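Trainee: Please take one part of this model and go through it closely. I would like the surroundings and the charged pairs in one connected account.

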Amino acid sequence: GGGRQEVTPRFLRHFNIVGYVEMSNHSKATIFETILQDFLKDFSSEIQSLRDPLTETTIEVFDYVVAHLLPTPLKSHYMFNLRDLAKVFQGLLMGSSKFLQKKVDFLQLWVHEAQRVFYDRLINEEDQQWFERLACELLSRHLGQMLSPEQIFGESSVLFCDFMKAGVDVENRRYELGPIDKITALLVDALDEYN
């Protein structure tokens with residue numbers, strides 16, 4: 001249906017059909033906790049203790065997003081998969097123990113990555129507010145951080161980037177927290193130079 005061409009059994013016999021079930025949350029947690037454990041060994045013990053709660057929180061955010069933000073004709077890009085979950089952890093792996101020394105710094109990095117992967121794809125205010133409430137509720141439940149949506153997503157929202165120092169080669173760039181006014185000035189200057 002829907003204008004698709006039927007594939008004949010004579011053609012399909014040349015292929016193997018592989019089906020698999022969705023990975024369990026326990027399996028996801030095992031994979032990402034192992035990755036984080038190896039990465040966090042250079043960080044302080046305070047940050048190392050975040051491994052399990054951050055993994056649980058991230059997986060729970062992913063599960064809620066997949067269950068509640070379903071694709072519709074208006075929101076056809078609301079399709080989230082395991083790759084999106086991995087992108088959050090990939091962003092955490094860009095942090096450096098030289099610059100992220102306190103628990104709150106690493107939590108800010110997590111907030112930024114969750115925003116980058118999930119929140120930035122949301123197209124209306126209702127979905128964005130739903131995600132803000134979800135992130136704050138999960139941060140308080142799993143990590144004991146009592147933050148309001150305004151503190152995380154408001155005017156002082158967290159933004160990490162690796163272009164704060166101009167002229168630095170790719171290998172020596174550092175992923176750091178940047179003040180929004182400084183980042184805005186850098187981007188405006190870059191745009192002026194480009195134009």
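Mentor: Lys-103 counts as partly exposed, at 26% relative accessibility. Buried means under 20% relative accessible area, exposed over 50%, and partly exposed in between (1.4 Å probe, protein chains only). This is a predicted model: local features need pLDDT of at least 70, side-chain atom pairs count only at pLDDT 80 or more, and totals for chains, interfaces and linings use all residues. Residues are numbered from 1 along each chain as its sequence is written, and side-chain values use heavy atoms, with hydrogens and water left out.

Lys-103 sits in helix H6, residues 103–117. Helices (H or I, at least four residues) are DSSP runs, numbered from the N terminus. Leaving aside residues up to four places away in sequence, Lys-103 touches Glu-46, Ile-47, Leu-50, Leu-143 and Gln-145. Contact here means heavy atoms within 4.5 Å. Ser-44 is 59 residues from Lys-103 along the chain, yet their C-alpha atoms are separated by 8.7 Å.

Helix H6 also holds Arg-116 and Glu-113, three residues apart, about one turn of the helix. Their side chains meet in a salt bridge (2.6 Å, N to O). The term requires a side-chain nitrogen of Lys or Arg within 4 Å of a carboxyl oxygen of Asp or Glu. Glu-113 is buried at 0%, whereas Arg-116 is partly exposed at 35%.

Now the other pairs. The count comes to nine salt bridges. Among them, Asp-38 pairs with Lys-41 (3.2 Å, N to O). Lys-41 is exposed at 55%; Asp-38 is partly exposed at 49%.

Definitions and conventions: Helix = DSSP H or I, 4+ residues; strand = E, 2+ residues; numbered from the N terminus.
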